[in-house]
Amino acid sequence: MKQNAFIYVFKFVQVIIFALITMTVFCRTTMHHKTIDDGNIYLGSLYFSMVIILFNGFTEVPMLVAKLPVLYKHRDLHFYPSWAYTLPSWLLSIPTSIIESATWVAVTYYTIGYDPLFSRFLQQFLLYFSLHQMSLGLFRVMGSLGRHMIVANTFGSFAMLVVMTLGGFIISRDSIPSWWIWGYWVSPLMYAQNAASVNEFLGHNWQKSAGNHTSDSLGLALLKERSLFSGNYWYWIGIGALLGYTVVFNILFTLFLAHLNPWGKFQAVVSREELDEREKKRKGDDEFVVELREYLQHSGSIHGKYFKNRGMVLPFQPLSLSFSNINYYVDVPLGLKEQGILEDRLQLLVNITGAFRPSVLTALVGVSGAGKTTLMDVLAGRKTGGTIEGDVYISGFPKRQETFARISGYCEQNDVHSPCLTVVESLLFSACLRLPADIDSETQRAFVHEVMELVELTSLSGALVGLPGVDGLSTEQRKRLTIAVELVANPSIVFMDEPTSGLDARAAAIVMRTVRNIVNTGRTIVCTIHQPSIDIFESFDELLFMKRGGELIYAGPLGQKSCELVKYFESIEGVQKIKPGHNPAAWMLDVTSSTEEHRLGVDFAEIYRNSNLCQRNKELIEVLSKPSNTAKEVEFPTRYSQSLYSQFVACLWKQNLSYWRNPQYTAVRFFYTVIISLMLGTICWKFGSKRDTQQQLFNAMGSMYAAVLFIGITNATAAQPVVSIERFVSYRERAAGMYSALPFAFAQVFIEFPYVLAQSTIYSSIFYAMAAFEWSAVKFLWYLFFMYFSIMYFTFYGMMTTAITPNHNVASIIAAPFYMLWNLFSGFMIPYKRIPLWWRWYYWANPVAWTLYGLLVSQYGDDERRVKLSDGIHQVMVKQLLEDVMGYKHDFLGVSAIMVVAFCVFFSLVFAFAIKAFNFQRR
C-alpha cells in the first residue's frame, strides 16, 4: 500500500471532489418531496453515489495485474500459499473502505436532504461500506481471472455492465424479461439499490400522501412505481447480501490466484539453425562451437585487415566524429539540495575530448555513474534536458542535429520495438522512412535482406517481435534487431548503448560478431560496455575510459591483447601489475577505482591530461576538426527523408499490421461488443416498441445509456495500454528521424475508423432489431451514426488521456473521474431541467449528454402517440414528454449530430498535439 500511496490518496481526494460536486448538483434547496418525479431525482442521487463507490474499486484491476507476475513467481517457488496474500489484502482494504464511505456520507447526506434521522445516516454509511468491500472483491476477481491488462479491463467493464444494468435502476424489475430475472437476483447492486431505497423512502420526509387516488405514502408509491421492494427488512437483506458477496469474491480471488496461470507462452523464438547448433553442442560436437576469440583471430581487425565489404547495396560516406571540451550540466535534484548541496547545477561531464573514426570499433567504458551513456546521448543529440557545452565536428564540419539524425544510428540499451510486427516488417518500416526518397522499394528490400544477413537474422525474418520477457524474440535476438533497425538507415556512424547487457557469453559473442561485421563495412561504431568479458573487451580497437564524475582517464588504442592499455596504466607509479590471464577490463577498473586513487594519492584524470597520449589525441582532434580539401558538408534539403504524407502512409501501414495481430485488443473488443449486443438485446427485448408509460420510455433510455457508457469506456480503457506501448516505441523512432509526431498521431487516429465502424455496425444491427425500435432506414442510420461517433470519441478520449500522462496506469486514473462526470450530467440520472442553473453549462459540454439527446430525439422526437405519466393518470404525447420532462427537442437533432462529431475531432486533435508537445522519456 505504501508503494501505491499516490493512488490511494488520489482516490480519497477524488471521493471528496465528487462528493462536493454531487452535493451541489443534488442540492437540497433545489430538491423537493412533493411528487414521484421528485423522488426519482433522489433515487438518481442514491444510484450515482453507489456507482461512484462501485467504480472506485475498479483501480484494483490495473494494480493487481501489475503485481501478478511477481505473485505467480512467488507461488511457483512455493514462497507462500495464495491465501497468505489475499487475506492481508482484504484486511488492509477495510480501513480505506471505512474512510472513503464515511467521507462520502458525511459530505453528501444532509446537504442533499436525505431523511434527517441519525440512525438512517449510520445505516447509509454501513451500506456504502459493504458496497465498497464488495466492489474491491469483485474487481480483484476480474483482475485475477483476466490476467492481462486489456482482458481484465474488459472483464471488469462487463462485470460493471451486468451489475448495473440488472441492478433495478437502469431497467425496472417488472420490465426485465423472465429469462433474465435470475440476473436481477444475482446482481449485488440490486441489493444495494433496494437497501438504500427503503432506508430513504420509508423515512419521515416521504410519509405524506401520494395523492387522492391512493392511500399509499409518497415514498411507498415511488418504490412501487420503480418496482423496488418496500419492506424495511430489505435493508438488512441488502447488507447481508453485500457482505456475503465480499466473502465469496475473496475466496474466488484466492482460488484463481492459486490455480490460474499467465496467458501465453513465456518463451522466445529460436531459429532452426540455433536449435541444430545447440543439439550438436549437447552431443559434444565441438567443431560447431564458434567462440568469439576464434572468430576474431580470423577477422583481421587486430592486424589492420578487413573482411570483404558487406551490406554495400547502397553506398554510404565514411565519416569521423570529433569532440572537444564537452561539458554537461543538469539542475540539482531537490533531494540532493535537502542533503546539503548548495550548487544549482550538477556537472556530469567534465571537458571530454576525443574522436571516433571509420572502420574503428571504439568502446566507452567506466564504472556505474561515470557518464558513459550520458556522453553518448550528448554526442548523439538524444538529451531532452540539461545544458551542453563544447564543440562537436563531423568530418571537420560543425555538427547539426537535423542532419546528424539522418547519417547516424542509435541502438538503445532497452530494445524497444512494436511487438506485433515481424522482424522483416520492422526493418522495412525503418528503411522506408529513413532511406532517401529516391530509392525504390526493390532496392530497399534488397538492402534490408542484406542487412538481415549481416546481423544473422535471415532465419528469423518472419518471427513476431513480441514483448520483452513475455513472448517473441529472445533478448539476444532483440539486440540484433535493434542494431539492424538502425543499420537499414545506412548510417555512417552508429552508437550502441551496452549491446551485450543481459546476455550470456554465447549470446554476447553473437552480438559482438554482428558489431564486428558492421565495423568491417567501414562505418564508425561506438559502444558503451559495462564490465565486459575478456573476449568482448579485446574485440574493440580503441577505448575511452571514464571515471566517476564524468572525467576521462584514457583515450587511445587497446592494442593486441590490450597491450597499449596495460602499458599506459602500468607506467603510473604504484599501480599494480596485471596478472597473466587476468581480464584487462576488470584489472583497469580495479586499479583506477576511487579507493586506489586515494591510496596512491593521485588523480588519474589529471595524469591523463598531462600525458603524451592526451597531447597526441589533441593533435588528432585538431586535424579531424578541420575539413579536408575534398570533403563536402553533409546536407539534406528536408529534415525527414520522406514527405509528411509518406510518413503518414507508412505509420498507417504499421498500425494496420499491429492492430490486426493484436487479438487481446481487437478480438476482445469485437467479442465484447457482440456479447453486450446480445445481452442488452435480450434484456431490453422489444423495449423500443413499448411506449405506453413514462417508465417504459425511461427503460429504453436506460438501454441506450448503458450501451454508450459501457462500450465507450471499454474502448477507452482498452486503447490506453496499446497507445502507451506504441508511443514508447515512437520516442525512439522520432529521435531517429523516421517521422514527425503528427503523422504518427493521425495514423493512430485513422486506424480506429474501420474497427469502430465494425463495432458500431455489429452493435446497432443486433440491438436495434432485438429492441424493436421503429424499423425505418432513416431512424436506423441515425442510431448507427450516434453509436459510431460516440464509441469513436470515447476511444479518442482514452488515447488523449494516455498522450497527456506518463503511462496508461496514470491515464486510467485520470480518465475515471470524467467518466463519472459524464455519467452524472448525461441527463439520465437527473434530467436537464432539474439540474441546478450553476451546473447546466457542463450538461452542454458533456459528450454523453449529446449522444443521449441525439439517440432519444432520433427515435422518439417525432412520435405523437400518447404516453401515461408517472402519476398513472395524465397522458401526453411522447415528443411532448421528451420536451417537458427531459428538455429534448426534435429541432436539435442536427445540432446534436454536429456536436458528437465535434467531440471526436476535438479529442483527436488534443491527442495529436499532446503526442507532439509532451515527451515523458527523460534522458
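Helices are DSSP runs of H or I with at least four residues, strands are runs of E with at least two, and both are numbered from the N terminus; the expected span of a helix is 1.5 Å times one less than its number of residues. This is a predicted model, in which local features need pLDDT of at least 70 and side-chain atom pairs count only at pLDDT 80 or more, while totals for chains, interfaces and linings use all residues. Residues are numbered from 1 along each chain as its sequence is written, and side-chain values use heavy atoms, with hydrogens and water left out.

Helix 18 (residues 475-487) has 13 residues and reaches 18 Å from its first C-alpha to its last, close to the 18 Å expected at 1.5 Å a residue. Because 12 of its 13 residues are buried, helix 18 is largely enclosed by the rest of the structure; buried means under 20% relative accessible area, exposed over 50%, and partly exposed in between (1.4 Å probe, protein chains only). Among the buried residues of helix 18 are Arg478, Ile483 and Leu487.

Ile483 is also one of the residues that Val515 touches, along with Leu361, Met496, Ile525 and Cys527, when residues up to four places away in sequence are not counted; contact here means heavy atoms within 4.5 Å.

For the protein as a whole, the secondary structure comes to 36 helices and 12 strands, and 58% of the 923 residues count as buried. Among contacts between residues at least 6 apart in sequence, 79% join residues at least 24 apart. The C-alpha atoms fill a box of roughly 110 × 60 × 60 Å, taken along the principal axes.
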